[in-house]
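Welcome! Here is a short briefing to read alongside the sequence and the 3D view, grouped by topic so that you can follow along.

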Amino acid sequence: MKTRSSFPPVFWTANGIEVLERFAYYGIYMGFGIYLGELGFEKDDLGIVQTIFLAFSYVIPLFSGTFADKYGFKKVLIISYLAYIPAILLLVYTKTFSGIALTMLTIGFAAGIFKPLISATVRATTDATNKTLGFGIFYAMVNLGASAGPIVMGHLRNMSWDYVFYTAAGAIVLMFLVTVFFYKEPERDIEGASLSKKFRDMGEALSDLKFLVFIILLGVMFGLPFWAFFNVLAVYVNDYMDTAALYESVKSVTGGFLAGLISSPDKSTGIIKINAEAISHTGYIIILFQVIISRIFEKRAAIGSFMFGLLVAAIGFAVLGLSIDINNNLVFAGVFLFAVGEMISSPRIQEYIMWIAPKEKAGLYMGTNFLATFIGAMMSGITYTPLMGRFEEAGNPQYVMYVLTIHMLLAILAIWIFTKLAGEFKEREA
């Protein structure tokens with residue numbers, strides 16, 4: 001067995017930058033629905049902003065990776081920061097819907113520029129002996145930042161939302177300084193593909209009608225409810241649950257330190273409440289359990305594992321609905337079950353797409369996977385966020401979770417019908 005190569009300094013620099021960026025990104029995004037609600041905007045308005053934000057976050061990487069190959073990772077990283085910083089600071093000053101929408105569009109644009117560059121750095125600084133560990137570290141850093149951001153920002157927004165935006169901008173400024181002084185352009189083979197060639201290549205992969213239908217199916221049936229979870233849950237917890245009682249429940253089980261970490265005193269009443277955004281994501285659960293879940297399912301069939309993950313996520317949505325109907329404390333079980341479903345299904349379907357591609361086209365097929373993510377992310381804001389608003393007006397906001405449960409169950413049925421009618425894709429042996 002070959003000795004595992006050590007990681008160069010830029011590997012660690014890049015991962016540190018990733019933590020800071022995810023801290024800022026999710027620190028703003030996870031609580032943004034609460035922010036718009038406090039400004040008096042409707043769920044329909046929030047849905048439009050979420051769609052704009054996520055659409056740009058997931059379509060811009062298609063272009064930014066090519067430009068980074070041509071002009072260098074460091075230069076394109078700095079460009080992303082120069083878009084990020086003023087856009088975040090504008091949130092302190094703009095309170096109109098059009099101003100907020102344009103600002104979030106710019107933040108999504110900046111995030112989209114940034115998104116592929118750190119993973120590309122990790123890829124360029126690892127080899128066959130350390131790539132699994134390298135990407136494992138990177139994945140952990142993503143979830144560390146995504147977990148820390150909502151926790152810290154939850155405390156800050158109870159003092160002032162301006163502190164949230166100043167802190168996020170400060171994190172980007174720190175990234176700028178780290179990049180300028182410590183990020184060294186990694187040695188790598190330049191792909192050299194133009195945008196037109198990338199589009200032609202993706203068109204080639206998607207010309208396979210069976211594969212195209214499969215990708216669209218993934219976007220509508222898996223990506224859409226997946227992103228809806230992150231779009232609606234913080235608002236769902238904040239607006240419809242007794243967050244003071246949730247704090248007391250956490251305190252009675254875990255003690256004061258952990259409860260205090262995810263809670264803050266209400267600035268008007270002084271009553272300590274759970275910060276909804278601190279518990280309305282899966283990052284901290286993934287950090288703790290992803291390796292275990294992956295080990296359990298690594299030898300099992302990919303599509304079967306994927307559908308089982310969808311079932312667990314569906315149960316998670318149902319439990320989130322019951323947390324309103326029966327007991328608010330069920331929210332923790334609902335989030336955990338959804339996270340388990342995500343940990344089973346998301347890695348397996350990405351692995352599946354990689355291994356059904358012809359060996360010489362593996363990267364090409366994985367590139368088309370962005371389409372499924374983009375479809376789901378873009379549609380989630382304009383479907384489920386307004387739907388939650390309609391159910392709220394009718395006095396039953398929990399119904400949105402039951403609809404998401406049905407959506408996930410229909411996803412299982414749709415994938416099963418697809419595999420029966422069109423047949424499963426054949427995975428490569430090596």
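**A first look**

With a relative accessibility of 0%, Ala 377 counts as buried, because buried means under 20%. This residue, Ala 377, is found in helix 17, which covers residues 362-393. Please keep in mind that the model is predicted. The mean pLDDT of the protein chain is 88, and 91% of its residues reach 70 or more.

**Around Ala 377**

- Leaving out residues up to four places away in sequence, Ala 377 touches Leu 54, Tyr 58 and Trp 227.
- Ala 377 and Ile 78 are separated by 299 residues in sequence, and their C-alpha atoms are 26 Å apart in space.

**Confidence along the chain**

- Which element of the protein chain has the highest mean pLDDT, and which the lowest?
- The highest value, 96, belongs to helix 8 (residues 161-182), while helix 9 (residues 195-206) has the lowest, 69.

**Helix 1**

- Helix 1 takes in residues 9-29, and its 21 residues should span 30 Å at 1.5 Å a residue.
- Helix 1 is mostly covered, as 17 of its 21 residues are buried.

**Two loop residues**

- Thr 94 sits in the loop that joins helix 5 (73-90) to helix 6 (97-124).
- Is Thr 94 buried or exposed? Its relative accessibility is 14%, so Thr 94 counts as buried.
- Beyond its neighbours within four places in sequence, Thr 94 is in contact with Tyr 35, Gly 99, Ile 100 and Thr 103.
- Ile 271 is found in another setting, the loop between strand 1 (263-265) and strand 2 (272-274).
- A relative accessible area of 45% makes Ile 271 partly exposed.
- With neighbours within four places in sequence set aside, the contacts of Ile 271 are Ala 244, Ser 264, Pro 265 and Asp 266.
- Ile 271 and Pro 347 lie 76 residues apart in sequence, and from C-alpha to C-alpha they are 41 Å apart in space.

**The cavity**

- How many cavities of 30 Å³ or more does the count give? The count comes to one.
- The largest cavity has a volume of about 90 Å³.
- Its lining is made up of 13 residues, and those nearest the centre of the largest cavity are Tyr 29, Phe 32, Gly 33, Leu 46 and Gln 50.
- Helix 2 (32-38), helix 3 (43-59) and helix 10 (209-240) are the elements that each give two or more residues to the lining of the largest cavity.
- By class, ten of the residues lining the largest cavity are nonpolar and three are polar, with no charged residues.

**The second largest pocket**

- The volume of the second largest pocket is about 490 Å³.
- Its lining has 19 residues, and Leu 258, Ile 262, Ile 279, Tyr 284 and Phe 332 are the closest to the centre of the second largest pocket.
- Among the elements that give two or more residues to this lining are helix 7 (131-157), helix 11 (243-254), helix 14 (283-297) and helix 16 (330-356).
- Two further contributors of two or more residues to the second largest pocket are helix 12 (256-261) and helix 13 (276-279).
- The lining of the second largest pocket holds 15 nonpolar and four polar residues, and no charged residues.

Notes: Residues numbered from 1 in each chain as written. Predicted model: local features only at pLDDT ≥ 70, side-chain atom pairs only at ≥ 80, totals over all residues. Heavy atoms only, no water. 1 Å grid on protein atoms, 1.4 Å probe; cavity = no way out; pocket = protein on both sides within 12 Å on 5 of 7 lines; lining within 4 Å. Points joined across faces, edges and corners; volume = space filled by probe spheres on them. Helix = DSSP H or I, 4+ residues; strand = E, 2+ residues; numbered from the N terminus. Nonpolar A, V, L, I, M, F, W, Y, C, P; charged D, E, K, R; others polar. Expected span 1.5 Å × (residues − 1). Buried < 20%, exposed > 50% of the residue type's maximum accessible area, 1.4 Å probe, protein only. Contact = heavy atoms within 4.5 Å. pLDDT = per-residue confidence, 0-100.
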